[in-house]
Amino acid sequence: MKKALVCISCPMGCCLEAEISEQGEFLGLSGNHCARGAAYARQECLSPTRMVTALLPVPGIVTPLSVRTDKPLPKAQIFPCLEYLKTVKPSLPVRIGDIIVPDILNSGVNIIATRNLPSD
Ligand code: SF4
């Protein structure tokens, strides 16, 4: 089975075509111009991940707290993660880099603040 991808590892945006077996094994790749593209395609085909960002309402103030994962999260966990984040009520003060949710959904990924609240 062939899978078309666009490499997002650099601005060139190479069009890739990966070959995957019926059992889900990565068999080969064409269209990449460098090893980074090959690594990206393999990861995307076998275990896709994404960075996740969100805005969390903070009780008592209008300004929401922006957060992100500290590393990519498996794609299948993105929506459960966003659902979980709806239940989180951060308490102030928060500094950039503070861990708001450690090890979310036992993924090994932390949710961290990307702004100071209250603002400096
Ligand atoms: S394959 Fe290499 S050159 Fe092409 S977009 Fe990916 S990183 Fe850039």
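## Basis of the model

Because the model is predicted, local features are given only where pLDDT is at least 70 and side-chain atom pairs count only at pLDDT 80 or more, while totals for chains, interfaces and linings use all residues. Residues are numbered from 1 along each chain as its sequence is written.

## Overall shape and domains

The protein has two helices and nine strands, where helices (H or I, at least four residues) and strands (E, at least two) are DSSP runs numbered from the N terminus. Read from the N terminus, the order of these elements is β-β-β-α-β-β-β-β-α-β-β. The radius of gyration, which is taken over C-alpha atoms, is 18 Å, whereas a compact globule of 120 residues would have a value near 14 Å, according to a rule of 2.2 Å times the number of residues to the power 0.38. Along the principal axes, the C-alpha atoms fill a box of roughly 55 × 30 × 20 Å.

The protein is divided into domain 1 (2–47) and domain 2 (53–113), with bounds that come from an automatic or database domain assignment. The C-alpha centres of domain 1 and domain 2 are 30 Å apart. Of the 120 residues, 18% count as buried; a residue is buried if 20 or more other C-beta atoms lie within 10 Å of its own, exposed if 12 or fewer, and partly exposed in between, with C-beta atoms placed from the backbone. Among contacts between residues at least 6 apart in sequence, 41% join residues at least 24 apart, a contact being a pair of residues whose C-beta atoms, placed from the backbone, lie within 7 Å.

Strand β1 (residues 2–6) and strand β2 (residues 15–20) run antiparallel and are joined by five bridges, two strands being paired if DSSP finds at least two bridges between them. Within this pairing, A4 stands opposite E17 in β2. Strand β2 is also joined to strand β3 (residues 26–30), again in the antiparallel sense, by four bridges, and here E19 has G28 in β3 as its bridge partner.

Strands β2 and β3 form a hairpin with five residues between them, and G24 in the turn has a positive phi of about 85°. The loop between β2 and β3 also holds E25, which is exposed because 10 other C-beta atoms lie within 10 Å. The C-alpha atoms of E25 and I96, which are 71 residues apart along the chain, are separated by 40 Å.

## The ligand shell

The residues around the ligand are C7, S9, C10, M12, G13, C14, N32, H33, C34, R36 and G37, a residue being near a molecule if its C-beta atom, placed from the backbone, lies within 6 Å of it. By class, this shell has five nonpolar, five polar and one charged residues; Ala, Val, Leu, Ile, Met, Phe, Trp, Tyr, Cys and Pro count as nonpolar, Asp, Glu, Lys and Arg as charged, and the others, Gly among them, as polar.

## Strand β6 and its partners

Strand β6 (residues 65–69) has L65, V67 and T69 on a covered face and S66 and R68 on an uncovered one. In a regular strand the side chains alternate between the two faces of the sheet. Strand β5 (residues 53–56) pairs with β6 in the antiparallel sense over four bridges, and T53 stands opposite R68 in β6. Strand β9 (residues 111–113) runs antiparallel to β6 and is joined to β6 by three bridges, with A113 in β9 as the bridge partner of V67.

## Loop residues and cis peptide bonds

Q77 is found in the loop between β7 (73–74) and α2 (78–85), and counts as partly exposed because 19 C-beta neighbours lie inside 10 Å. Leaving aside residues up to four places away in sequence, Q77 touches L105 and S107. The C-alpha atoms of Q77 and T63, 14 residues apart along the chain, are separated by 27 Å.

In the loop between β8 and β9, D103 has a positive phi near 50° although D103 is not a glycine, and D103 is exposed, with 11 other C-beta atoms within 10 Å. N106 lies in the loop between β8 and β9 and, although not a glycine, has a positive phi of about 55°; with 7 C-beta neighbours inside 10 Å, N106 counts as exposed. A cis peptide bond with omega of about 0° joins L92 and P93, and P93 is found in the loop between α2 and β8 (99–101). A cis peptide bond with omega of about -5° joins L117 and P118, and P118 is found in the segment after β9.

Terms used
Contact = placed C-beta atoms within 7 Å.
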